[in-house]
Amino acid sequence: MDRFLLMTCFARAVETGSFSAAARDIGIGQPNVSRYVAALEDHLQTRLLNRSTRKLVLTPEGERYYAEVRRILDAVSESEMSLRENVMPSGLLRVACPTALSHMYVMPLVPGFLQRYPDLELDLQISDRFVNLLDEGAELAIRIGHLDSSSLRARRIGSFKRACVASTGYLEKRGTPQVPSDLKHHDCVIYTLLASGATWRFKDEEIPVSGRIRVNSPEASRESVRAGLGIGQGPAWLFEDGLRSGDLQIILDEFSAPPVPMQIVYAANRLVSKRAIVFMDFIAEEFAKIPQLNT
């Protein structure tokens, strides 16, 4: 049996969420898709999908195999496309993106991107957890900070200022820190997914901080700061509305660390698809127009 067809049926079943949707997408009968995926599992002697009447769920083995299958199918598609002139990019592009940046700046750009490239599908994996491109099937990831992996390549798309921010109410009650070391005597809002943990970076030093609330999302950090629960640190653009209204104030500005780079990363040892290239070009072009992302 055609192994390529089996892999295609498996991949589209994963991506569409059902055998019937995959069948419509590929243009074959639903019983055939189910039979082909079962044949692939028999060949591999491994269950790839758990079936129920409501949905398909990848097994751990299925997750690993899907990432490999997606790379194979993408490579075949790109190889064929490279032989054709003036072919519009097509297919499914998976991009991992940090939560706050996605909601504030990436999502508003998606309609324009999809309108420009009508044959493309976009799967935005919005999360603040670290996504391993080599294991999880994403072609691209938007990363904040400096690149520290030789297995990845990066395209810089901007930078931003990281600021210390507090509500006016908090500062009236607790006073305003004058130097970074003063933070040791204040409540700070701890963002638990920050790479440096409960240590905040400044121009010439790193300061361990503590507080009564810990959160795992930038938006929750912002709302905790606005509620007067403590001092927060994060991208200045995250606190923009509160700063504009006067509810929040930037503190310790003269001690701020250098701007933080933003990059789109991709695997160094993998063929970069045309759809990935046009996405990087589009985001770089649009981000260049946003002053908050070019400090």
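**Exercise 1.** In this predicted model, determine which strands helix H5 lies across and at what angle it runs to S4.

*Solution.* Begin with helix H5, which spans residues 99-106. The strands that H5 lies across are S3 (91-97), S4, S5 and S14. Relative to S4, the direction of helix H5 is about 135°.

**Exercise 2.** State the order of the strands in the open sheet of five strands, and explain why one side of S4 and of S6 is left without a neighbour in the sheet.

*Solution.* First, read the order, which is S4-S3-S5-S14-S6, with mixed pairing. Next, consider the edges: strand S4 (120-126) and strand S6 (152-160) stand there. Each of these has a single partner strand, so one side of each lacks a neighbour in the sheet. Finally, the twist from one strand to the next averages 20°.

**Exercise 3.** Describe the protein chain as a whole in terms of its helices and strands, burial and charges.

*Solution.* The protein chain contains 11 helices and 14 strands. Of its 295 residues, 45% are buried. Among contacts between residues at least 6 apart in sequence, 71% join residues at least 24 apart. As for charge, the chain has 35 positive and 36 negative charges, whose mean positions are 3 Å apart.

Methods:
Residues numbered from 1 in each chain as written. Predicted model: local features only at pLDDT ≥ 70, side-chain atom pairs only at ≥ 80, totals over all residues. Heavy atoms only, no water. Helix = DSSP H or I, 4+ residues; strand = E, 2+ residues; numbered from the N terminus. Buried < 20%, exposed > 50% of the residue type's maximum accessible area, 1.4 Å probe, protein only. Contact = heavy atoms within 4.5 Å. Lys, Arg positive; Asp, Glu negative; His and termini not counted. Charge placed at Lys NZ, Arg CZ, Asp CG, Glu CD. Pairing = 2+ DSSP bridges. Axes fitted to C-alpha atoms, helices over the stretch in contact; angles between N-to-C directions.
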